[in-house]
Amino acid sequence: MRLHRNLVFATIDALSEIFNEGNYADKVIEKTLKRDKRWGSRDRSFIAETVYEIVRWKRLYTEIAEVKEPYSRENLFRVFAVWATLRGVTLPDWKQIEPTPSRKIKGKFDELSKIRKYRESVPDWMDELGVKELGEKVWEKEIHALNEQAPVVLRVNTLNTTRDNLRSVLNDEGIKAEPVKGYPYALQLEERSNVFRTEAFKKGFFEVQDANSQLVAEFLDVKPGMRVVDTCAGAGGKTLHIAALMENKGQIIATDIYENKLKELKRRAKRAHAHNIDPRAIESTKVIKKLYGTADRVLIDAPCSGLGVLSRNPDAKWKLQPEFIEKIKNTQAEILNTYSRIVKDGGKLVYATCSILPSENQEQVEKFLASENGKDFKLIKDKKLLSSESGYDGFYMALLQKN
């Protein structure tokens, strides 16, 4: 691989924004890729993949490079040199890249790889929490799986097409995708590709959605004609799936505290031809109180640590703090307590998170069932999905029924 100066400099600039200014990796990469219209798809994927790789292995690479925060440009070039050396990429003779001690880098890599927090590149507190909640064996496998690059999975939008037809249409556009066993609406790309440019996407034939995430809407057991409330709808990935499962019949009330996310949901719903979605911003408690006792189904896709989606959000390893996890657990309990009141007698509720921690999952459900509001509910079934077992995002979902 030959390194091009403008691509490497763009990579260094992006890393500086992510590490020193605390900006989100996906947003920084999106902005960086718009910098030069002459870049082809190979150039763009070099920048995106290199930035994500270095973000993912930040602790390991900075330790090998012997640099500390805040990182100067010189520091970041040293980190880049570590990445290149470990990838077997020949470094050019540029003044920014001082002679690189390849043997020393490889020796240090071998030495640090014996210690999990360096090998899997995680903060001390996260490594300790993982062991405490999941046990040594499971955490070891799980954090290793969460450091793999996430595959690109599509969810076919059955309001507009079938899985076989979508596969054939994508094939005609030069994109190979395979069905995923056990996931009836999923197609996985053989190679990464910008699917948002395809005609199939513009026609609303699919959404990009992790395979395990696709199981949440199914778990809710919806039927056409029902009244469903998606309480933390966000930009609506699961809302759109529910609309398809309901065949556009009935009503889905999609609520969220962020109005801009609901605007994005409206745009996506239009493209998907999902006509039964009613987005409502939660501006006060009145919005939720009005819905008490009215829904056949309620989905609580609760805010969480996001530890199950580290493979697609590697910068979360460095942004997350233990205090945030404690705080979010209180929020989860509060949301479950309040939003469960929306379920009508005989109705069902799904509590879901993209976390792998029992304290955000099973333990929250157990606490709720033992509470005043939870005494009218019973647990029908729950599902714990680990990346190390499925190859997809870590998820938890519990189906509860109101007596």
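This report looks at an annotated cysteine, its surroundings and the cysteine pairs of a predicted model.

## About the model

Residues are numbered from 1 along each chain as its sequence is written, and side-chain values use heavy atoms, with hydrogens and water left out. Because the model is predicted, local features need pLDDT of at least 70 and side-chain atom pairs count only at pLDDT 80 or more, while totals for chains, interfaces and linings use all residues.

## The annotated span

An unreviewed UniProt entry gives residues 142-403 the annotation "domain: SAM-dependent MTase RsmB/NOP-type". UniProt positions follow the numbering used here, feature names are shortened, and annotations may be inferred rather than shown by experiment. The span is 33% helix and 26% strand, and its end C-alpha atoms lie 37 Å apart. Helices (H or I, at least four residues) and strands (E, at least two) are DSSP runs, numbered from the N terminus.

The unreviewed UniProt entry places the feature "active site" at Cys354. You can find Cys354 in the loop that links strand E9 (343-353) and helix H18 (362-369). Leaving aside residues up to four places away in sequence, Cys354 touches Cys304, Gly306, Leu307, Gly308, Val309, Gly394 and Phe395; contact means heavy atoms within 4.5 Å.

## Cysteines without disulfides

How many disulfides does the structure hold? The count is zero, where a disulfide is a pair of cysteine sulfur atoms within 2.5 Å.

Cys304 is buried (under 20% relative accessible area; exposed is over 50%, partly exposed in between, with a 1.4 Å probe and protein chains only), at 14%. Cys232 is buried too, at 16%.
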